[in-house]
Amino acid sequence: MASAARLLCRGGCAVRTRLLWGAPKARLGWRRHVASGRRGGGSEALEQSRFFRRGVAFSALSYLGYKAYILISHSSVVHADVKVDELLDQADYLYGSGETEKLYQMLEQYKNSENAQLLWRLARASRDVAQLSQTSAEKKKQLIYEALGYATKALEKEKTCFSVHKWYAICISDVGDYEGIKKKITNAFVIKEHFQKAIELNPKDATSLHLMGIWCYTFAEMPWYQSKIAAALFSTPPSSTYEEALRYFQKAEDVEPNFYSKNLLFLGKTYMKLNNRKMALLWLTKAKERLPHTEEDKQVHKEAVELLNSL
């Protein structure tokens with residue numbers, strides 16, 4: 001029997017499991033049997049006695065029915081909790097196994113769910129399928145917008161889970177690629193806010209720290225024309241430095257060493273920007289030597305080799 005509460009967000013975001021579709025309502029009705037035919041010629045007192053006995057019997061049955069309803073409803077809630085727990089376990093297993101398309105196909109069946117834990121995982125799965133090389137440009141765009149829809153709904157349902165904030169920020173960032181530079185810069189503040197909220201909720205989540213580092217790196221190297229657009233849109237446009245980016249990348253690595261090939265790569269790239277050749281060589285070599293498991297890992301390996309050759 002599932003526990004009432006469980007750690008569902010990676011890294012320790014405690015939330016109470018909620019029902020996938022809501023608790024099934026037990027439909028308990030009672031038939032009223034009315035005797036047909038002639039009444040006997042008994043007295044009025046006898047008739048009243050009959051009604052009294054019927055009332056007592058009906059009240060007893062109603063009470064028993066209520067108790068049955070409570071028991072059945074409780075059983076339904078427990079069963080639904082178990083179902084959600086098992087589904088989340090299966091989703092996390094598939095994600096850890098790199099079964100991107102299987103995971104998406106499984107979770108997509110629950111796209112109308114009200115459960116935030118399912119929804120943010122579906123947002124992640126949708127985005128992962130969008131990133132596959134065999135996904136067409138049209139399908140990729142569709143999946144990116146669907147992912148944002150799922151992440152937005154998850155945030156509406158659950159604001160205390162770091163994973164919800166993290167994937168909401170990621171999905172907003174992805175959509176920016178289709179909505180122009182002005183929209184992308186406007187969204188930058190929202191993205192930063194939710195990455196920081198994710199870190200606040202779980203300071204030990206290496207991925208959130210890495211993504212905050214990417215945000216800093218992006219604005220540290222922002223081209224001059226984008227800086228002009230940002231200055232025109234905001235009195236204080238988004239900005240950062242390579243030193244700030246480096247702090248986030250290093251903190252992510254301290255929290256969970258070698259957790260992500262791209263963090264190794266960006267440590268190397270950031271040190272290159274800071275003209276620290278020795279440290280750049282160290283981290284780029286680590287990125288190159290890390291065994292690739294995904295398409296992204298292979299791209300990271302290729303870029304690390306190219307950068308090492310340039311050094």
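A residue counts as buried when its relative accessible area is under 20%, as exposed when that area is over 50%, and as partly exposed in between. These terms are applied here to a predicted model.

Helix α6 spans residues 180–201. It has 22 residues. From its first C-alpha to its last it reaches 31 Å, close to the 32 Å expected at 1.5 Å a residue.

Aromatic contacts were examined next. A search of the whole structure finds 6 aromatic pairs. One of them joins Tyr 145 and Tyr 178. Their ring centres are 6.1 Å apart and their planes meet at 45°, so the pair is tilted. Tyr 145 belongs to helix α4, residues 137–157. Tyr 178 sits in the loop between α5 and α6. The pair therefore ties together parts that are 33 residues apart in sequence. Tyr 145 is partly exposed, with a relative accessible area of 31%. Tyr 178 is partly exposed too, at 31% relative accessibility.

A second pair is formed by Trp 215 and Phe 219. Here the ring centres lie 4.6 Å apart and the planes are at 40°, so this pair is also tilted. Both residues lie in helix α7, which covers residues 206–220. They are 4 residues apart, about one turn of the helix. Trp 215 has a relative accessibility of 6%, so it counts as buried. Phe 219, at 12%, is buried as well, because the cut-off is 20%.

Aromatic residues also gather in a group. Tyr 217, Tyr 242, Phe 249 and Phe 266 form one aromatic cluster.

Charged side chains meet aromatic rings at two further sites. The charged end of Arg 124 sits over the ring of Tyr 95, at 3.5 Å from the ring centre. Lys 286 lies over the face of Trp 283, and its distance from the ring centre is 4.3 Å.

How values were computed
Residues numbered from 1 in each chain as written. Predicted model: local features only at pLDDT ≥ 70, side-chain atom pairs only at ≥ 80, totals over all residues. Heavy atoms only, no water. Phe/Tyr/Trp six-rings, centres within 6.5 Å; stacked < 30°, edge-to-face > 60°. Helix = DSSP H or I, 4+ residues; strand = E, 2+ residues; numbered from the N terminus. Buried < 20%, exposed > 50% of the residue type's maximum accessible area, 1.4 Å probe, protein only. Lys NZ or Arg CZ within 6 Å of the ring centre and 35° of its normal. Expected span 1.5 Å × (residues − 1).
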